[in-house]
Amino acid sequence: MESSILESIGTEMIGVMSPVSICMLLVVLLVYTLSSSSSSSSEAAIRTAANLVYQETSTDSPTEKLEGALLNALVFVIFITLITFLLVVLYYYNFTNFLKNYMRFSTFFVLGTMGGSIFLSVIQHFSIPVDSITCFLLLFNFTVVGVLSVFSEGMPIVLRQGYMVCLGVIVATWFTKLPEWTTWVLLVALAIYDLVAVLAPGGPLKLLVELASSRDEELPALVYEARPTVSQNERSGRSGLMLLVGGVSDTRSVELQALSRGSADGSENHRNLEYTAVHVENVEHERDSEVERLPLVGHLFREGFLSSDGSSSEYSTVVDNRENEIVVEEETSPLVDMMELGDEREQGGRRDGRENDIIVDKGIKLGLGDFVFYSVLVGRAAMYDLMTVYACYLAIISGLGCTLILLAVCGRALPALPISITLGILFYFLTRLLMEPFVVGTATNLLMF
């Protein structure tokens, strides 16, 4: 039974588009809030890795601005490429702890310094009465909780997702301080770089993704997970009956994990392997008594999630008897307590002399850089007019939707910047050069209200 792509990834698209929209909205609000105070003061443009070669001034000619912006974009892309290849080399030689500590330091730096600067600017703009000690304590707590939320496994996933959006907002707000010509050329250059780095045979991002997939590990990067999988605990050292149990996350996802129960003979694992997650057909009734004695499944029985015949209305699965595949389609129950999860996810097992393939649908992951540069484009548009903001937002969301559909069709990692950035820049200049003069002209002449 086949369903349309939109039906199968509709929830995933909403889970990705919602935080992207929130990030862009917050950046637009910050740009509108802080642009008036920054424009009144004659502060020099910030010096970053994106404008090391050329500093744009209002007296420069368009040709000089274009040439300088191209040089800035070229240097920045080369710098990003070298850093990415360095990360690939470190990850290849198993410097994982170093990479994790580096990301922790980067997160602390962004939240503490860049976020603190924006926080102080907001306080000064609204004249909020707060003393320096209170401000320091608030900022320190915000930073420490942010680092723990992003990198600790015991924190609520909503808090982690919220801090990932905060990181995107902070970095994007700083990037909006770049000169206009440098910003537009840099966005185009990054879209091209993203396309090459992910799809080219020797691209650094492609190498990083393939290396992480071969090791069955998470990417050593700041990645937003729309529907994160349940983390696996360390092996408890007990062998015995292995069950695939359907765990539910608070973001409406189902994850299959392996649960061990103690047994004297480790060879009994494969003979007693049973796939029980949810409403799976053809489960023998004689195993019900044994299943009820397990900690997690017994808890489900006591809470009423599973009935005595092994069925449940809280879950929905489809069993393809022809290919022996168990496919989790949808979940409609709240978070289920998960106890004593094994450390290995079973990719296949033997039952009745046949091989079963367990298909687990993982959530869509979006890099933090995609959040940043989507928001930079909208923030730059907000410096001109709200009409361009609406047009750029619709273009970016449309491009992101097309990318997610292509992701479902291709089934491989795809760059998220090229389509959205291309449509966003195209819509910006079309709106600014064509649509806005037409709408303003017709409105001022009372032809359109």
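# A tour of the predicted model

Start with Tyr-163. Select this residue and show its side chain: with a relative accessibility of 9%, Tyr-163 is buried. Keep in mind throughout that the model is predicted.

**Stop 1: the partner of Tyr-163**

The ring centres of Phe-142 and Tyr-163 are 5.2 Å apart, and the ring planes meet at 40°. That angle makes the pair tilted. Now colour the two helices. Phe-142 belongs to helix H4, and Tyr-163 belongs to helix H5, residues 157-175. The pair therefore ties together parts that are 21 residues apart in sequence. Is Phe-142 buried, partly exposed or exposed? Phe-142 is partly exposed, at 29% relative accessible area.

**Stop 2: a pair within helix H4**

Stay on helix H4, residues 132-151. Select Phe-136 and Phe-140. How many residues apart are they in the helix? They are 4 apart, so about one helical turn separates them. Turn on the rings. The model counts 10 aromatic pairs. Phe-136 and Phe-140 make a stacked one, with 6.2 Å from centre to centre and 20° between the planes. The planes count as stacked because the angle is under 30 degrees. Switch to a surface view. Phe-136 is exposed, with 53% relative accessible area. Phe-140 is partly exposed, at 41%.

**Stop 3**

Select Phe-76, Phe-175 and Phe-373 together. Ring pairs join these three residues into a cluster.

Next, pick Trp-174 and Lys-177. Lys-177 lies over the face of Trp-174, 4.1 Å from the ring centre. Then pick Tyr-91 and Arg-215. Which of these two lies over the face of the other? Arg-215 lies over the face of Tyr-91, at 4.7 Å from the ring centre.

**Stop 4: the annotated stretches**

Colour the chain by its record. An unreviewed UniProt entry carries the annotation "transmembrane region" for several stretches, including residues 12-34 and 158-175. Select residues 12-34. The chain there is 100% helix and 0% strand. The C-alpha atoms at its ends are 34 Å apart. Move on to residues 158-175. This stretch is also 100% helix and 0% strand. Its end C-alpha atoms are 26 Å apart.

**Stop 5: two helix pairs**

Select helix H12, residues 386-410, and helix H13, residues 417-444. They pack at an angle of about 150°, and their axes are 8 Å apart. H12 and H13 are therefore roughly antiparallel to each other. The crossing of H12 past H13 is right-handed.

Now select helix H6, residues 180-199, and helix H11, residues 368-382. Here the packing angle is about 150°, with the axes 11 Å apart. H6 is therefore roughly antiparallel to H11. What is the hand of the crossing where H6 passes H11? The crossing is left-handed.

**Stop 6: from H11 to Phe-429**

Stay on helix H11 and select Ala-381. Ala-381 is buried, with a relative accessible area of 0%. Ala-381 and Phe-429 are 9.6 Å apart in space, while 48 residues separate them in sequence.

**Stop 7: Glu-64 in H2**

Jump to Glu-64, in helix H2. Glu-64 is partly exposed, at 41% relative accessible area.

**Stop 8**

One background point first. Most residues other than glycine have a negative phi.

Select Asn-94. Where does Asn-94 sit? Asn-94 is in the loop between helix H2 (62-92) and helix H3 (96-126). Asn-94 has a positive phi of about 65°, although it is not a glycine. At 54% relative accessibility, the residue Asn-94 is exposed.

Finish at Asp-216. This residue lies in the loop that runs between helix H7 (204-215) and strand E1 (223-225). Asp-216 is a residue other than glycine, yet its phi is positive, near 55°. Asp-216 is exposed too, with 57% relative accessibility.

Terms used:
Residues numbered from 1 in each chain as written. Predicted model: local features only at pLDDT ≥ 70, side-chain atom pairs only at ≥ 80, totals over all residues. Heavy atoms only, no water. Phe/Tyr/Trp six-rings, centres within 6.5 Å; stacked < 30°, edge-to-face > 60°. Buried < 20%, exposed > 50% of the residue type's maximum accessible area, 1.4 Å probe, protein only. Lys NZ or Arg CZ within 6 Å of the ring centre and 35° of its normal. UniProt positions renumbered as here; feature names shortened; annotations may be inferred. Axes fitted to C-alpha atoms, helices over the stretch in contact; angles between N-to-C directions. Parallel < 35°, antiparallel > 145°, perpendicular 65-115°, else oblique. Left-handed = near helix turned anticlockwise from the far one by under 90°.
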